Amino acid sequence: MNEKIEAGFFTVFNRQENILENYDHYEERKLSDMHRYFAAEDIRQQMALANNEVIYRVYKKTAPLIAGELEQAVTVINPGQVNGEFFMTKGHYHINEKCSEVFFTLKGEGLLLLQKGQETKWLEMKPDVITYIPAGWGHRTINTSLSEPFVFIAFWPANAGHNYQKSLDEPFGRRVFFYNGSYIVSKVL
Ligand SMILES: O=P(O)(O)OC[C@H]1O[C@H](O)[C@H](O)[C@@H](O)[C@@H]1O
Ligand SMILES: [Fe+2]
């Protein structure tokens, strides 16, 4: 698929089912797929062996992976915690560091964590809030609700590429835990 898209099209967010209708690529991440991502790696492992819950699902509408095209995906992060640390995405950097990304929050509440070098920033996300991820920044989303799924749609350049290794080698400087009925963004020492 190296030809640009020639025909206009539309997708639909189905808010009953929390899916992107017309998606053509699906990914899910269970506890067993999240090796080394949570602070309590031992507890994650136990939970993966016990019930191996789905942490998040991604419904993507793909595009040819060339400059000028855009991809989009609805991400649904389930509520839950690993030893008090809220369920979250793996997080990634773009292989093409010139590529930025936009998230539009559809349902629930969460945080967008941004990382560049030693610098960590975060933004609250809730319905109708649109967050912008500047080029060059690693990004991870976290569901801070105790009971509701956190759902957002992302749009990014099709030539961005996902670099997961970098988010393991240069991990996010903050982690988000349940604290006092809400959340706390705690520094990773
Ligand atoms: O790729 P992850 O860090 O696991 O995050 C899950 C997904 O979140 C958003 O929808 C991103 O834009 C997708 O590109 C990403 O795949
Ligand atoms: Fe991205």
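Reply: A residue is called buried if 20 or more other C-beta atoms lie within 10 Å of its own, exposed if 12 or fewer do, and partly exposed in between, with C-beta atoms placed from the backbone. This is a predicted model, in which local features need pLDDT of at least 70 and side-chain atom pairs count only at pLDDT 80 or more, while totals for chains, interfaces and linings use all residues. Residues are numbered from 1 along each chain as its sequence is written, whereas chains are lettered from A and ligands numbered from 1 in the order in which they are written.

Me: Is asparagine 18 buried, exposed or partly exposed?

Reply: Asparagine 18 lies in the loop between strand E1 (12-14) and strand E2 (19-21); helices (H or I, at least four residues) and strands (E, at least two) are DSSP runs, numbered from the N terminus. Its phi is near 55°, a positive value in a residue other than glycine. Because asparagine 18 has 17 C-beta neighbours inside 10 Å, it counts as partly exposed.

Me: What is the phi of asparagine 83?

Reply: Asparagine 83 is found in the loop between strand E6 (81-82) and strand E7 (85-86). With 15 other C-beta atoms within 10 Å, asparagine 83 is partly exposed. Most residues other than glycine have a negative phi. Asparagine 83 is not a glycine, yet its phi is positive, at about 55°.

Me: Which element of the protein chain has the highest mean pLDDT?

Reply: The pLDDT is the predictor's confidence in each residue, from 0 to 100. The protein chain averages 97, and 99% of the residues score at least 70. Among the elements, helix H2 (residues 165-169) has the lowest mean, 94, and the highest, 99, belongs to E14.

Me: Which strands supply at least two residues each to the shell around ligand 1?

Reply: A residue belongs to the surroundings of a molecule if its C-beta atom, placed from the backbone, lies within 6 Å of it. The residues around ligand 1 include Thr89, Lys90, Gly91, His92, Glu101 and His162. At least two residues of the shell come from each of strand E5 (70-77) and strand E14 (150-157).

Me: Which residue in E5 stands opposite arginine 57?

Reply: Strand E3 (residues 25-30) and strand E4 (residues 54-61) run antiparallel and are joined by six bridges. In this pairing, glutamate 28 stands opposite arginine 57 in E4. Six bridges also join E4 to E5, again antiparallel. In E5, the residue opposite arginine 57 is valine 76.

Me: What distance separates the C-alpha atoms of serine 167 and histidine 92?

Reply: Serine 167 has its place in helix H2. It counts as buried because it has 20 C-beta neighbours inside 10 Å. Serine 167 and histidine 92 are 75 residues apart along the chain, but their C-alpha atoms are separated by 5.6 Å.

Conventions
Two strands pair if DSSP finds at least two bridges between them.
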